Every structure is written in structure tokens, then in C-alpha cells.
Amino acid sequence: MLILVLVLALAGCVPIPEDEATEVITVWAHAGRESERRTLEAQVRAFEKANPGLAVDVTFIPEGSYNGQVQAAALAGRLPDLLELDGPYLAAYAWRGWLAPLDEHLPDTLKDDLLPSLLEQGQWRGQWYGMGMFDSGLGLWADRHALKAVEARIPDGPADAWTLEELQEILARLASSSSGGPVLDLKLNYGTEWFTYAFSPLLQSAGAGVMGEDDEPQARSHLDAPASVQVLETVQGWFQAGWVDPNLDDAAFTSGRVPLAWGGHWNAPAYRDALGEDLILLPLPRAGDRLVSGQGSWQWALSSRARHPEQAAKLLAFLLETEQVLKMSRANGAVPATLTAIAASEDYGPEGALRLFAEQLRDGYTRPRPRTPAYPVVTDAFARAFRDIRHGAPVADTLEAAARRIDREVEANHGYPAN
């Protein structure tokens, strides 16, 4: 029997009769789109049917307040057996001791089939804590007809991405052909997290980034490095030239106002409807020798306070079966988590229209956002800096101030020593 509790405050208030199950696995999940919720509900029912003696109690928590509610519950010692986390926040939970490593509960064969991007996002300080059913795709959507009109080269794949300079030249040509109006949608209407996800890869491609790796966990000399400054001065120039649509109505690309849109896998349905066969998916531009694109999405993790860790791990392994991964991918449109599922996917397989997203994640063209317990401060600092730069703030000074803010957070926590 599946029990759905839609508000965290109700968790545990609807008991499962003892004669219907010998053990109850408690699960918290983010309340995403309805199709995702229905799919997870059906998957849990199928798991229960295949495992007599086990029941699953699922709590759906609103996505906007998810992180805050889970943190409050963790501090109160009330975490469930299995919970979802937005990938970049995993390090914070692991550092606080709220998560249990997965290695001792799941077979290596399961890891072997995972996308490398998911395995990377799910690890912190050499231990494996998170595993997702899907990952995200980030790229540049384009109107084929508009690019053809300005004789723009069409990249073959991630290894053939435009350089940042090449994109700038194409933007200039597109603007000239449209009497100088906006030609690019950067999704300025999206929330804070979008800016870190969507634009920090440019800094990584340039050889810089927002922060160093685990052995160099500071933002100074990375976020404010000359390469970072140069990249964001280039982007600032796009705003100053009038090439970026404010996209207040979230329709800059679908209405035909602009021929290029920085976006993700979730844009595909609306963009297909709007452009049909003229829609093409391209890699982001590279700011250095190699393209870097974005990755990361919701991941499952095992609570360190799990009452039934082995049973929860069994449920997790079930959710990672090819059939279940494909069902969730069809429900939310995201990139399937496993190589086997990708090969069988209509959208992301070898002939799929969205195969670029899978190729980037599989072949090492993506990097995770900074894996640090300071991530909430990191992403807020970067987003504020990007917004200020958009409105004309001096790039070098703005990035230096953001780096100082991040490093103060790290230093206040003594570099996040092992607990």
C-alpha cells in the first residue's frame, strides 16, 4: 500500500496497518510536476507488489521549500530512510553527517552503468552519497532558418562547439539582419540557481571557475581570475549591445523574437511546438580549449538515521532499473540516468533529437557545480554578481567582492573539516 502525504507536517501521521506490512520504508521526495509524482507513485506500488512484507510511505514536499524543510527535520533528528536532494546541496548534507555512504549498500555493477556526471555529482571527499534517476541537459537552442540566413556554421557536436568569439560574431550578424534588436534569450526570468547552473560552465571552460577543487576550496583566484573577468566582460558586452532579450514573458524564443536561446532539456516540448523542423540543438560556446556544459539534478540519498537502510537501498536499486529510469525520463523529459537506458531512449539514444545532452554528460563535457557545504552562499553570490554585471557593474570588482563573500563563509566554517 502506498500512502501519499502532501505536507511535511503530516509525515508519520497516517499509520500503515501492521498486518499489511512488516517494515515501512519512509521516503521524502520533491513535489515536481504532476507527471513525475504519478510516475513515482506507480513505481513505488510496483516495488511493493514485488516485495511482499515491505511498504513505502512517501512524503511529497513542495520544491520551493524543500531544502529548508529537510534541514529543519535533520536538525530535529527526523529524517526518513530515503530522501531526494538537489545535487549541489549534497555536500552540505554529507558534511553535517546527515547522509550514509551508498557503497556498502549498492553493488558496483549499478555504479558502472551510471552516467559519469551523476557519479561525480553524487560523490564528496571520496565517498558516494547520491544517485539520481536522471540528469539535466544544457545547450543552445537555435532557429535553423535564421542561422542559415547569416551563414553561421552549425557545430556537429560538443567537440565542434563555437568559440565564444565565434558566437559573438554570429550574434552581431543576427542583430544586423534584424535591425539591431535582441537576438538571444539567456532566461533572465529564471531564478537564482539558474545563473550558477547556466553560466559558471563558461568560466570553467576558460580554465577558471567559481571555486577550486576539494584541495583548494576557495573562490579567490578562481571566480575573480583574469579568465573569469574576460568571459563575463564579453557577456556584459552582449547586454550593452542590446542583443539580449529580457524575456519577461518567457516567450522570447517561442514567439520568434530571438533566434537563439540558452536553455535546458525542459525547454524541448515548447520549442518543438513553436519551431518544428527548424529547431536545432547546439552545444554552448567554449571559452577555452574545451567545451564545458552544465549538469546536476535531483538525487536520492540514504539518511544516516535510516531505520531500514538495506530495504531503502533495495528500493533505490529498483528505481535505477532500466524500465523505471525510462519511465521517469518520459515523465519529466530529463536525461536518463544510466547508459543502458540512454541507449534505449527515443529522445536521447543514438538517433534521438536530444542526444547532444546525453553525449555531453557521458563524454566528459560537463562539470558539477562547486561541491562544497558552502554551496548555498556560493550560488547566491554568483547570481548576485551576474545580475550586477548585467546592469553594468565593473566586472573585476564585482567578481572580487563575490569571491570574498564566498571565502568568508568557508573561513567561518574552518574549511569544513571532517566531522
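**Exercise 1.** Determine whether D363 is buried or exposed, or in between, and identify its salt-bridge partner.

*Solution.* D363 has a relative accessible area of 36%, so it is partly exposed (buried means under 20%, exposed over 50%, partly exposed in between, with a 1.4 Å probe and protein chains only). Its partner is R362, with the closest N and O atoms 2.7 Å apart; a salt bridge requires a side-chain nitrogen of Lys or Arg within 4 Å of a carboxyl oxygen of Asp or Glu. R362 is likewise partly exposed, at 41%.

The model is predicted: local features need pLDDT of at least 70, side-chain atom pairs count only at pLDDT 80 or more, and totals for chains, interfaces and linings use all residues. Residues are numbered from 1 along each chain as its sequence is written, and side-chain values use heavy atoms, leaving out hydrogens and water.

**Exercise 2.** State how E323 and K327 are placed in helix α12.

*Solution.* Helix α12 covers residues 322-332 (helices are DSSP runs of H or I, at least four residues, numbered from the N terminus). E323 and K327 lie 4 residues apart, and therefore about one helical turn separates them. Their side chains form a salt bridge of 3.3 Å, N to O.

**Exercise 3.** Describe where helix α8 bends and how far it is enclosed.

*Solution.* Helix α8 (residues 192-205) bends by about 30° at F199, the angle being taken between axes fitted to the seven residues ending there and the seven starting there. P201 follows within four residues. Because 12 of its 14 residues are buried, α8 is largely enclosed by the rest of the structure.

Note on methods
Helices (H or I, at least four residues) and strands (E, at least two) are DSSP runs, numbered from the N terminus.
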